[in-house]
Amino acid sequence: MTSRSTNVFWQDYAVARADRTALLHQEPLVLWLTGLSGAGKTTLANFMAKRLYDNGYHAYVLDGDNLRHGLNRDLDFSEAARHENVRRMAEVAGLMYDAGLITLAACISPFQSERDFARGLLPPGRFVEVFVDTPLEVCEQRDAKGLYRRARAGEITNFTGIDSPFERPANPELTIDNSCRTPDECADIVMDYLNRHGLLAAPTTQTPP
């Protein structure tokens, strides 16, 4: 570890984030969707991505399960590995921010420290924490993947909401309970927030043609 840390140097690039944002005509942003398994995080992220796409924005969805098929496939579900899973997603979201994209990160991220770490990678105001606050009983009723049933049966351990805690966000930008709203209505709430706070405004400076 010591050898690696003393022989790795940060590289600057000829094309900066400001150049990329000007080319894309948008300011990058990370929407971090946190909540229990089955809360509707990925569904909302997908609806938001389509809304943004239809309005001419460049957006990308990062999903915790999808990352486990590739980048994070070496991780198990131990406590340390779950922390690492969130850390890597946060780092990827940071890279996508630097690339000029609007990133929708759907990740349980059950601990406040994890979400604080993700927020700390970005400039102030460019991280929007969306707490998808769907009640546990609703998530269990949905249980599309059968995970809650298996957790209740003891087949899965360290499962968030059952035998592993979920720390409710201390001060999220948005809290949405989608148990009584459609995905479209939830997306309306997020879009309204982004527009009211000017987070979808185009860059104020443009590079010369």
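Predicted model: local features only at pLDDT ≥ 70, side-chain atom pairs only at ≥ 80, totals over all residues.
If residues up to four places away in sequence are set aside, S37 touches I108, C139, L147, Y148 and F159.

Strands of a sheet pair through backbone hydrogen bonds, and they may do so in a parallel or an antiparallel sense. Here the sheet is open and has five strands in the order β2-β3-β1-β4-β5, with parallel pairing. Its edge strands are β2 (59–63) and β5, each of which pairs on one side only, and from one strand to the next the twist averages 20°. Within this sheet, β1 pairs with strand β3 (residues 102–106) in the parallel sense over five bridges, and W32 stands opposite A105 in β3.

Helices accompany these strands. Helix α3 lies across β1, β2, β3, β4 (127–132) and β5, and runs at about 165° to β3. Helix α6 also packs on the sheet, where it touches β1 and β4, and its direction makes about 150° with that of β4.

We can now turn to charged side chains. Side chains of opposite charge can pair when their charged atoms come close, and the structure holds 17 salt bridges. One of them joins the side chains of R87 and E91, at 3.6 Å from N to O. Both residues lie in helix α5 (residues 79–98), four residues apart, which is about one turn of the helix. R87 is partly exposed, with a relative accessible area of 35%, and E91 is likewise partly exposed, at 32%. These two residues also belong to a network of salt bridges that links D74, E84, R87, R88 and E91.

Another salt bridge brings together the side chains of E173 and R119, at 2.8 Å from N to O. This pair links distant parts of the chain, since E173 sits in the loop between α8 (147–152) and β5 (174–176), whereas R119 is in helix α6 (residues 112–120), 54 residues apart. E173 is partly exposed, with a relative accessible area of 25%, and R119 is partly exposed as well, at 26%.

A further salt bridge is formed by the side chains of R150 and E155, at 3.5 Å from N to O, and R150 is partly exposed, with a relative accessible area of 31%.

Conventions. Residues numbered from 1 in each chain as written. Heavy atoms only, no water. Contact = heavy atoms within 4.5 Å. Salt bridge = Lys/Arg side-chain N within 4 Å of Asp/Glu carboxyl O. Helix = DSSP H or I, 4+ residues; strand = E, 2+ residues; numbered from the N terminus. Buried < 20%, exposed > 50% of the residue type's maximum accessible area, 1.4 Å probe, protein only. Pairing = 2+ DSSP bridges. Axes fitted to C-alpha atoms, helices over the stretch in contact; angles between N-to-C directions.
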